[in-house]
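Thanks for making time this morning.

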Amino acid sequence: MIGCFGRRYDMLDNIHFVLLVSRQGKVRLTKWYSPYAQKERSKVIRELSGVILNRGPKLCNFVEWRGYKVVYKRYASLYFCMCIDQEDNELEVLEIIHHYVEILDRYFGSVCELDLIFNFHKAYYILDELLIAGELQESSKKTVARIISAQDQLVEVAKEEASSISNIIAQATK
Amino acid sequence: MNPFSSGTRLRDMIRAIRACKTAAEERAVVRKECADIRALINEDDPHDRHRNLAKLMFIHMLGYPTHFGQMECLKLIASPGFPEKRIGYLGLMLLLDERQEVLMLVTNSLKQDLNHSNQYVVGLALCALGNICSAEMARDLAPEVERLIQFRDPNIRKKAALCSTRIVRKVPDLAENFVNAAASLLKEKHHGVLITGVQLCYELCLINDEALEYFRKKCTEGVIKTLRDITNSAYQPEYDVAGITDPFLHIRLLRLLRVIGQGDADASDLMTDILAQVATKTESNKNAGNAVLYECVETIMAIEDTSSLRVLAINILGRFLSNRDNNIRYVALNMLMKAITFDDQAVQRHRVTVLECVKDPDASIRKRALELVTLLVNENNVTQLTKELIDYLEISDEDFKEDLSAKICFIVEKFSPEKLWYIDQMLKVLCEAGKFVKDDVWHALIVVISNASELHGYTVRALYRAVLTYSEQETLVRVAVWCIGEYGDLLVNNVGMIGSEDPITVTESDAVDVIEDAITRHNSDSTTKAMALVALLKLSSRFPSISERIKDIIVKQKGSLLLEMQQRAIEYNSIVDRHKNIRSSLVERMPVLDEATFNVRRAGSFPASASTVAKPSVSLPNGFEKPAVAPLLDLLDLDSDDILAAPSSSGADYLQDLLGVDLGSSSSQFGATQAPKAGTDLLLDILSIGTPSPAQNSISSIDLLSTADVNSNPSNALDTLSSPVPPHTATTASTGMFDLLDGLSPSPSKEATNGPAYPSIVAYESSSLKIEFTFSKPPGNPQTTNVQATFINLSPNTFTDFIFQAAVPKFLQLHLDPASSNTLPVSGNGAITQNLSVTNSQHGKKSLVMRMRIGYKLNGKDVLEEGQVSNFPCGL
């Protein structure tokens, strides 16, 4: 079925997937909003990193791929890629990527690839506060930071409780 | 860290993996970790779950299988603590793909968490649902999500709104439930909620027309006001991006206005002012501003005609196009393609710039620009644009040549003002990018050349010149070989010079050199070699003085590894050697190829229209589908109709010699040795350029047979076909073959061309209707059965609007011809007949079976009857 702008309803997600790959082609984050089977995912990653990593530095940030567009931007050693439909606004997606990078930067304090490797789950948590169903949910970096820190806080509290309980148990069984 | 836990910490595992020097080392570490995790999963200790899942996610990201951890996600989600749920949901979204059965298990946990007292737990559940929910889950949980759109905390409201977009995408029927809630979100002040609310409204408008009508009526002004407020708002550091307040919100509001305005002049009118304001006031020196402008232009182009706005939009695109930033230029090219539909002139003004973009070093920009140029071409600028593109083809990257040459060919074919120009341009393309040109393109070129009789001499000389320089371009070589074979005499005698042409001196031997080069070159493919062989045969007649040399080249091909080549070489050698008297008439120039037929066929080769175009030839055994029956028949491109049409003519007995090969042993010999398909196509191509169809076949056969009256029209062919081939043809044929093949002993099996007769059956009988089937087999095609269905009305009244439908299982293919009528009079006053043809791919293993449905009107009332036919005679 074709929508008003030629978009198919079953693939209506704005962003089909998000991909972070290092310059060496190592995957640092993947998030799939449209259904891709596990095998298909690795194929997509292989294909795309081949195309994107080989593009020269001064070229535009868009690659046409399998009838979709992939918007990518390189920050230091990392390529941030988002796949969208032909009709979508590529320039906005560039802004979304930048938005995400800025939030990561604030959270980690000048983020680097190592942060995203050892705290990959945090990068996912932040992405989940930014995008749902491939759509942007928050345009304020401050709000995202606040919600993330509130949840981190909850985890800390739970951890402390757990460790105090285990201390009690440890002492009792000494 | 939990003091009771065993195994390594997440951080240690990541370090260990990073320390690996080789892929094998990494695999070993991961294997060990996975084994540990499996063991821990089996112990089912809740303390380790959290960490195990985190590790698994990392391993998953490296591309290793982690399905065994999926159930751990569910356990974590079901546990009470927030940290466990958080990682559990993350794992769920990451590790699960389309495994619906596991997803189904999580629905209940999601439902509980959506009602959880902690808003962050609710947020986790909404996020997971929004990212992975299936249609079933969407249905189950829609009421919860709908309720949460009105939740007190904005964080939940925005998540619920986006979750709803996913739900309505999955289950469009649910759209109307969300309309009111979505409309209420448009009044929000919180940007996050507003953005997601606008998104939800947009989604609903796309999915549901009533929702669109509702938003149009109730919300147009509100949306416009929100956009105005945000556009005019003072600096807000929280939302500011490069001087624009919340470009994301801008873009979504513009997008919503687009669906509202499209197709509604009043709504479009209302938004004119604000669109003009956004288009003129937005700063365009940063990406954020350009993103907003881009969306604004798109909206202006989509809504109802407001010509002043469109001028504004086109101007913005013009500015984009001259921007130094590649991204902006890319976007401009993209948008100009849409703009061309309503203002061709304005876009034409940018033609020169666009043409420059075709030569850009950036592949993405080149591709866009090429698409746009193709749209810009018209009768007036085609020569100039084509010249530019062809000039560029010479210097473009190898990997761009395929796209570029395809587009040039498309343009040239579509807008060519005259044949000479067309031929010139196509030759240039073949010279530069011959190896990328598709078959149908060079086939078309040959058809055009064949039709341009006054240009034959010019073309063959031009091709000769070209092929000397560009002999590595496969398709150029093929066209050249074909033309030299056909028009070799024109080449050497400078016949038919046209004004602009330089005379060249080509000896007969030079011409043969080109062909010899093509046939002996190691990287020529089989089609080219086969074409060269035919060309040689033709030249042997055109250039009698060097026919000995030609014969030598042909003889060498007896040793070819390709069976077809071998066989043809032997046959052609025999023709050159022993049948000089008829050779010249045998290899006369091809008659003009029928352009119209070719074009129809070319169009028909696209899958969508294939069946409709192929219909007329249905009663030819090989006209409908590629025959499995008589590969050699096709090789020589002689259809059975030719066999019958020919005997009266001069070369008749010789002709039968040639044909004897087909008739006598084709099916048995070649069926058994599995005649290579490529070979079939190869000679097919030589002779008829493409797949067989009746008209084309008869034409190409003339070529080889040169009999005067072979040009049988298709209907004639049908008649002759339906009557069995007289047995004596086969006999003479096989003796003829001995003659030709110098005593190679074939085993001429006299094939029964007329299949056994099958009894008619009553396929269906009810109180009012009787259906009878009679069967026949087309000769030489045991898989196909032609069924004639006769419908007899047993009721006292006439049936009108009579429709017969039939269905068959997958191993059968069914083709229905139109019925003789759709009105079925009372029995005795006539009957309807309808022809069906059924192809049984499991012939000999399974018998036919068919289900049918018959619909008609009896006294103005619709009647539907259904039945199954399983009493087909055996062996069909």
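Let me start at one residue pair in chain B, where Met852(B) stands opposite Gly867(B) in strand 10 of chain B. These two belong to a pairing of strand 9 (residues 850-858) with strand 10 (residues 861-869) of chain B, which is antiparallel and runs over 9 bridges, where two strands count as paired if DSSP finds at least two bridges between them, and where helices (H or I, at least four residues) and strands (E, at least two) are DSSP runs numbered from the N terminus. Strand 9 and strand 10 of chain B make a hairpin with 2 residues between them, and in that turn Asn859(B) has a positive phi of about 50°.

Before going further, a word on the source: this is a predicted model, in which local features need pLDDT of at least 70 and side-chain atom pairs count only at pLDDT 80 or more, while totals for chains, interfaces and linings use all residues. Residues are numbered from 1 along each chain as its sequence is written, chains are lettered from A and ligands numbered from 1 in the order in which they are written, and side-chain values use heavy atoms, with hydrogens and water left out.

Staying with chain B, there is an open sheet of 5 strands in the order 3-4-5-8-7, with antiparallel pairing. Its edges are strand 3 (761-765) and strand 7 (812-816) of chain B, each of which pairs on one side only, and the twist from one strand to the next averages 25°, with axes taken as lines fitted to C-alpha atoms, for helices over the stretch in contact, and angles running from 0 to 180 degrees between N-to-C directions. Strand 7 of chain B is joined to strand 8 (residues 832-840) of chain B by 5 bridges, the two running antiparallel, and Gln813(B) stands opposite Thr839(B) in strand 8 of chain B.

Chain A has an open sheet of 5 strands too, in the order 2-1-5-4-3 and with antiparallel pairing. Strand 2 (27-32) and strand 3 (62-65) of chain A are at the edges with a single partner strand each, so one side of each is left without a neighbour in the sheet; the twist here averages 20° from one strand to the next. Strand 4 (residues 68-75) and strand 5 (residues 78-85) of chain A run antiparallel and are joined by 8 bridges, and Tyr72(A) has Cys81(A), in strand 5 of chain A, as its bridge partner.

Next, the salt bridges, each being a side-chain nitrogen of Lys or Arg within 4 Å of a carboxyl oxygen of Asp or Glu. Over all chains the search finds 49. One of them joins Glu47(A) and Arg66(A), with the closest N and O atoms 2.9 Å apart. Glu47(A) lies in helix 1 (residues 38-53) of chain A and Arg66(A) in the loop between strand 3 and strand 4 of chain A, so this pair ties together parts that are 19 residues apart in sequence.

Finally, how many residues of each chain are in contact across the interface? With contact meaning heavy atoms within 4.5 Å, 80 residues of chain B touch 70 residues of chain A. Between chain B and chain A there are 10 salt bridges, and Arg55(A) forms a salt bridge with Asp362(B), the closest N and O atoms lying 2.8 Å apart. Helix 11 (residues 191-207) of chain B gives the most to the side of chain B that touches chain A, with 9 residues.
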